[in-house]
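Try each task before you read its solution.

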Amino acid sequence: LFTGLEPIQTDSLLRLIQLAAEDDRPGKIDVGVGVYRTSNGATPILSAIKKAEKILWETQETKAYLGMSGDKKYAELLKPIVFGDDLAQMDGLIGLQTPGGCGALTLGFMLAKAANPATRVLVGTPTWANHPPVIRGAGLEIVEYDYYLKGETRIDFDAMMAAFDAARPGDVALLHGCCHNPTGADLDAGQWAKVRAKCAEKGIIPFVDIAYQGLGDGIDEDAEGLRGLVHACDEVIVAQSCDKNFGVYRDRVGCLFVKTGSEERAKVVNSHIMQIARTMWSMPPDHSAAAVRIILESDELRAEWLDELDMMRGRIVDLRKRIASSDPRLAYIADQKGMFSMMPLSPEQVEKLRIDHAIYMADSGRFNVCGMADEDVDRFCNAVLEAMDG
Ligand code: PMP
């Protein structure tokens with residue numbers, strides 16, 4: 001059976017993680033992997049999560065199956081966070097717990113395939129490296145357009161609009177809700193307005209990936225673009241993740257939301273979602289979804305989580321300002337959002353940083369803004385500027 005298999009080239013980011021792990025030079029800076037780090041370079045468990053886990057440990061009486069819908073209350077409590085209080089009440093809004101944002105993306109694209117096998121997906125490049133394989137894995141065609149001009153450090157909005165103009169009714173448009181990965185370049189309010197008008201006019205179905213809500217400008221601010229789309233369009237798919245904003249990465253906590261338009265339609269769509277989920281994971285894992293539910297059920301723990309989220313966002317914003325103030329060529333980094341931005345470096349310059357300075361970032365120049373300790377920021381900036389000049 002296996003003799004015919006050809007080896008698959010390891011993802012360059014996974015190779016980078018391995019290289020960084022093997023490098024024991026003092027002063028190594030690993031800004032390749034996408035986890036939040038404190039000023040000391042640690043990724044601690046949020047105190048709201050620790051407290052919720054304690055409550056869970058004390059009160060959970062069984063580990064019997066929860067059923068295919070997972071923790072229903074978890075999905076209900078997330079709705080107002082993602083959609084705001086009003087939209088969260090709309091008829092026909094499905095919410096289903098998934099194993100991380102990846103699970104939600106896979107399920108959402110497989111749903112699109114089930115609904116219309118000819119669905120095409122508009123994808124702005126560069127995008128998160130996992131998007132194309134997930135979309136192709138669902139059997140869907142990708143239509144690429146240029147989203148970001150790396151050399152000019154700005155969004156190519158004309159190219160984006162041209163791609164939307166050329167779209168067919170029923171095409172799906174993958175959009176980053178906030179904190180664009182890998183560029184940090186988010187649409188502004190005017191651009192979101194044009195995108196939603198175009199989706200409504202052309203019958204394009206928005207598919208919003210929101211994996212970093214609260215790490216850009218704030219919980220509500222980061223969801224404004226998404227909420228505008230939900231107002232404007234009859235059908236919307238949302239892949240959400242709690243893995244970053246609750247810091248529970250390895251526990252795989254996410255949710256798929258679908259605006260279907262009516263309770264009747266929602267029943268049919270839901271039956272397909274369940275059928276697809278059944279073939280993949282049958283039931284989502286429980287632990288941290290239950291902890292998130294416990295946090296959102298308690299005013300006290302919710303407030304504590306929001307404070308911790310503010311703190312993480314504050315550190316990201318401060319680091320962005322520090323990096324931006326090091327040189328006018330890096331000033332754009334202060335205007336971008338979330339964990340990632342891209343340095344205008346060639347793969348050769350990125351490699352030189354690795355060899356000369358033990359600085360690890362993706363070949364594309366993407367780096368995790370909050371991946372470095374405070375004491376490493378100046379050294380990081382100086383090395384990047386040296387590489388840019390070299
Ligand atoms: N979407 C984007 C843009 C991401 O960057 C990530 C995580 N790197 C995800 C989705 C998936 O997140 P999760 O770890 O919850 O599967």
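**Exercise 1.** How many salt bridges does a search of the whole structure find?

*Solution.* The model is a predicted one. Searching the whole structure gives 24 salt bridges. Side chains of opposite charge can pair when their charged atoms come close.

**Exercise 2.** Is Arg 227, the salt-bridge partner of Asp 220, buried or exposed?

*Solution.* Step 1: find the contact. Asp 220 and Arg 227 form a salt bridge through their side chains, at 3.1 Å from N to O. Step 2: recall the cut-off. Buried means under 20% relative accessible area. Step 3: apply it. Arg 227 has 13% relative accessibility, so this residue counts as buried. Asp 220 has 44%, so Asp 220 counts as partly exposed.

**Exercise 3.** In which helix do Asp 356 and Lys 352 both lie?

*Solution.* Step 1: locate the pair. Both residues are in helix 13, which covers residues 347-357. Step 2: look at the spacing. They are 4 residues apart, about one turn of the helix. Step 3: check the contact. Asp 356 is partly exposed at 40%, and Lys 352 is partly exposed at 49%.

**Exercise 4.** Which residue meets Asp 363 in a salt bridge?

*Solution.* Step 1: name the partner. The side chain of Arg 354 meets that of Asp 363, at 3.8 Å from N to O. Step 2: compare accessible areas. Arg 354 is buried at 12%, whereas Asp 363 is partly exposed at 29%.

Notes:
Residues numbered from 1 in each chain as written. Predicted model: local features only at pLDDT ≥ 70, side-chain atom pairs only at ≥ 80, totals over all residues. Heavy atoms only, no water. Salt bridge = Lys/Arg side-chain N within 4 Å of Asp/Glu carboxyl O. Buried < 20%, exposed > 50% of the residue type's maximum accessible area, 1.4 Å probe, protein only. Helix = DSSP H or I, 4+ residues; strand = E, 2+ residues; numbered from the N terminus.
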